[in-house]
Amino acid sequence: KTVYVLNGPNLNLLGTREPAIYGASTLADVQALCEQACARHGLALAFHQSNHEGVLVDWIHEAGRLHAQGRLAGLILNAAAYTHTSVALLDAVKGTGVPLVELHISNVHARESFRHHSYLSAAARAVMCGFGVAGYGLAIDAVAQW
Ligand code: DQA
């Protein structure tokens with residue numbers, strides 16, 4: 001089975017973007033961490049980042065096609081700022097029925113109030129936040145048990 005890990009806007013800047021909040025790891029480091037976690041569980045990995053909402057919708061649909069074939073372990077989505085704005089991403093998750101982990105590197109609940117609401121949580125099987133980039137590996141370990 002395959003784990004989808006999708007990353008939204010500005011996560012390509014990881015490593016230099018507000019390091020006090022998001023840490024020093026780059027997105028390439030996160031991808032390597034995910035590859036190692038998937039290898040531990042014998043899972044394949046599809047890892048993507050986009051700054052464009054519709055591109056993320058298309059990848060959720062792609063994961064949904066695997067899900068329909070029983071070949072998706074789970075979808076781990078760090079929708080970044082779209083978490084707090086996007087009905088389109090929520091509808092994509094609901095429309096495909098993909099088992100979702102909503103992930104945030106930071107603890108969004110300890111930050112500005114506009115980060116406290118997520119459109120995705122209602123459709124998520126699990127929510128991971130505040131573990132830094134280690135959360136990606138922890139989420140893969142959890143998805144491997146689904
Ligand atoms: C984030 C939290 C969001 O509020 C923010 O817009 C991001 C990253 C996180 O990983 O902590 O871009 O999803």
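Hi everyone, let's start with helix H2, whose buried residues pack against strand E1 (2-7), strand E2 (44-49) and helix H5 (134-143). Before I go on, two notes on the model. It is a predicted one, where local features need pLDDT of at least 70 and side-chain atom pairs count only at pLDDT 80 or more, while totals for chains, interfaces and linings use all residues. Residues are numbered from 1 along each chain as its sequence is written.

Helices (H or I, at least four residues) and strands (E, at least two) are DSSP runs, numbered from the N terminus. Buried means that 20 or more other C-beta atoms lie within 10 Å of a residue's own, exposed means 12 or fewer, and partly exposed is in between, with C-beta atoms placed from the backbone. Two residues are in contact if their C-beta atoms, placed in that way, lie within 7 Å.

Back to H2. Which of its residues are buried? They are Val30, Cys34, Ala37 and Cys38. These cover an arc of only 95 degrees around the axis, so they sit on the same side of H2; the arc is that of the directions from the helix axis to the C-beta atoms. As a reminder, an α-helix has 3.6 residues a turn, so residues three or four places apart point the same way. On the face turned away from the buried side we find the exposed residues Ala28, Gln36, Ala39 and Arg40.

After H2 comes glycine 42, with a positive phi near 65 degrees.

While we are on phi: most residues other than glycine have a negative one. Glutamate 18, in the loop between E1 and H1, has a positive phi near 35 degrees. With 11 C-beta neighbours inside 10 Å, glutamate 18 counts as exposed. Alanine 80 also has a positive value, near 50 degrees, and sits in the loop between strand E3 (72-78) and helix H4 (87-96). Alanine 80 has 17 C-beta neighbours inside 10 Å, so it counts as partly exposed.

Alanine 80 takes us to the ligand, as one of the residues around it. Being near here means having a C-beta atom, placed from the backbone, within 6 Å of the molecule. By class, the shell has four nonpolar, five polar and one charged residues. For those classes, Ala, Val, Leu, Ile, Met, Phe, Trp, Tyr, Cys and Pro count as nonpolar, Asp, Glu, Lys and Arg as charged, and the others, Gly among them, as polar.

Now the record. In an unreviewed entry, UniProt places "active site" at Tyr22 and His104. They span 83 residues in sequence, yet no two of their C-alpha atoms are more than 9.5 Å apart, so they gather at one spot. UniProt positions follow the numbering used here, feature names are shortened, and annotations may be inferred rather than shown by experiment.

Is each of the pair buried or partly exposed? Tyrosine 22, in helix H1 (residues 19-22), counts as partly exposed because it has 19 C-beta neighbours inside 10 Å. Histidine 104, in strand E4 (residues 100-104), counts as buried because it has 21. Setting aside residues up to four places away in sequence, tyrosine 22 touches Leu14, Arg17, Ile105 and Ser106, and histidine 104 is in contact with Asn78 and Cys129.

For "binding site", again from an unreviewed entry, UniProt lists Asn78, His84, Asp91, Ile105, Ser106 and Arg115. Those positions are spread over 38 residues of sequence and also in space, up to 24.3 Å between C-alpha atoms. Aspartate 91 lies in helix H4 and, with 14 C-beta neighbours inside 10 Å, counts as partly exposed. Serine 106 lies in the loop between E4 and strand E5 (126-129). Beyond four places in sequence, the contacts of serine 106 are Ile21, Tyr22, Arg111, Cys129 and Gly130.

One last stop: glutamate 102, in strand E4, is buried, with 26 other C-beta atoms within 10 Å. Thanks, everyone!
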